[in-house]
Amino acid sequence: MREAATAVMKSISQVCEESGDTLGAVLGECCLMTGKDGSDAQETVRAVFDVMVKEKGVQKSFSKLLSEEVWEKRVECMRVPDWIYLLFKLKSRLSDSGWQELTNLTQLGRTGVSMVEQSVFMM
């Protein structure tokens with residue numbers, strides 16, 4: 001399998017050099033395509049991730065396959081805004097100390113300002 005992978009990479013590298021593009025740029029353009037070609041390219045990228053995760057684990061795979069900037073953007077998209085936590089705090093009727101303990105244990109606060117301080121500021 002490794003020999004086949006090496007041969008394929010050499011072949012692909014030659015084609016990319018001749019066209020003046022990188023493999024990443026070509027594969028990225030393929031993934032942007034619509035229809036069967038686009039879905040085939042996306043499935044290929046998915047399969048690469050699946051193989052890497054199986055062999056190396058999730059954390060190592062993502063650090064090797066995604067740039068730090070792209071990973072940070074993805075994490076940012078998944079974050080719940082701080083005001084949602086504050087709204088939950090106010091609706092849940094937790095004491096300030098209970099809420100502070102919850103945020104400390106779960107590391108919910110990311111702004112550097114405690115949720116207690118935010119709730120006092122908001123009132």
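**Entry 1**

Before looking at any helix pair, I noted how an axis is defined: it is a line fitted to C-alpha atoms, for helices over the stretch in contact, and the angle between two axes runs from 0 to 180 degrees between N-to-C directions. Two packed helices are described by that angle and by the distance between the axes. I also reminded myself that this is a predicted model.

**Entry 2: α3 against α4**

I started with helix α3, residues 35-56, and helix α4, residues 58-65. At what angle do α3 and α4 pack? I got about 135°, and the axes of α3 and α4 are 7 Å apart. Angles over 145 degrees count as roughly antiparallel and 65 to 115 as roughly perpendicular, with the rest above that range oblique, so α3 and α4 are oblique to each other. I wrote down the crossing of α3 and α4 as right-handed.

Next I looked up who touches whom. On the α3 side I found Val 48, Phe 49, Met 52, Val 53 and Lys 56. They meet Val 58, Lys 60, Ser 61, Phe 62, Lys 64 and Leu 65 in α4. Sorted by type, the residues of this α3 and α4 contact come to 7 nonpolar, 1 polar and 3 charged.

**Entry 3: α2 against α3**

Then I moved on to α2 and α3. Their angle is about 125°, and their axes are 6 Å apart. That makes α2 oblique to α3. Is the crossing of α2 and α3 left-handed or right-handed? I have the crossing of α2 and α3 down as left-handed.

From α2, I listed Leu 27, Cys 30 and Cys 31. Their partners in α3 are Asp 37, Gly 38, Ala 41, Gln 42 and Val 45. The residues of the α2 and α3 contact split into 5 nonpolar, 2 polar and 1 charged.

**Entry 4: the largest pocket**

Last, I went looking for open space. The largest pocket holds about 790 Å³. It has 19 lining residues, and those closest to its centre are Met 9, Val 48, Val 51, Met 52 and Leu 65. Two of these names, Val 48 and Met 52, were already in my notes for the α3 side of the α4 contact.

Which helix gives the most to the lining of the largest pocket? My note says α3, with 8 residues. I also jotted down that α1 (2-19), α2 (23-32) and α3 each supply at least two residues of that lining. By type, the lining residues are 14 nonpolar, 2 polar and 3 charged.

How values were computed:
Residues numbered from 1 in each chain as written. Predicted model: local features only at pLDDT ≥ 70, side-chain atom pairs only at ≥ 80, totals over all residues. Heavy atoms only, no water. Helix = DSSP H or I, 4+ residues; strand = E, 2+ residues; numbered from the N terminus. Parallel < 35°, antiparallel > 145°, perpendicular 65-115°, else oblique. Left-handed = near helix turned anticlockwise from the far one by under 90°. Contact = heavy atoms within 4.5 Å. Nonpolar A, V, L, I, M, F, W, Y, C, P; charged D, E, K, R; others polar. 1 Å grid on protein atoms, 1.4 Å probe; cavity = no way out; pocket = protein on both sides within 12 Å on 5 of 7 lines; lining within 4 Å. Points joined across faces, edges and corners; volume = space filled by probe spheres on them.
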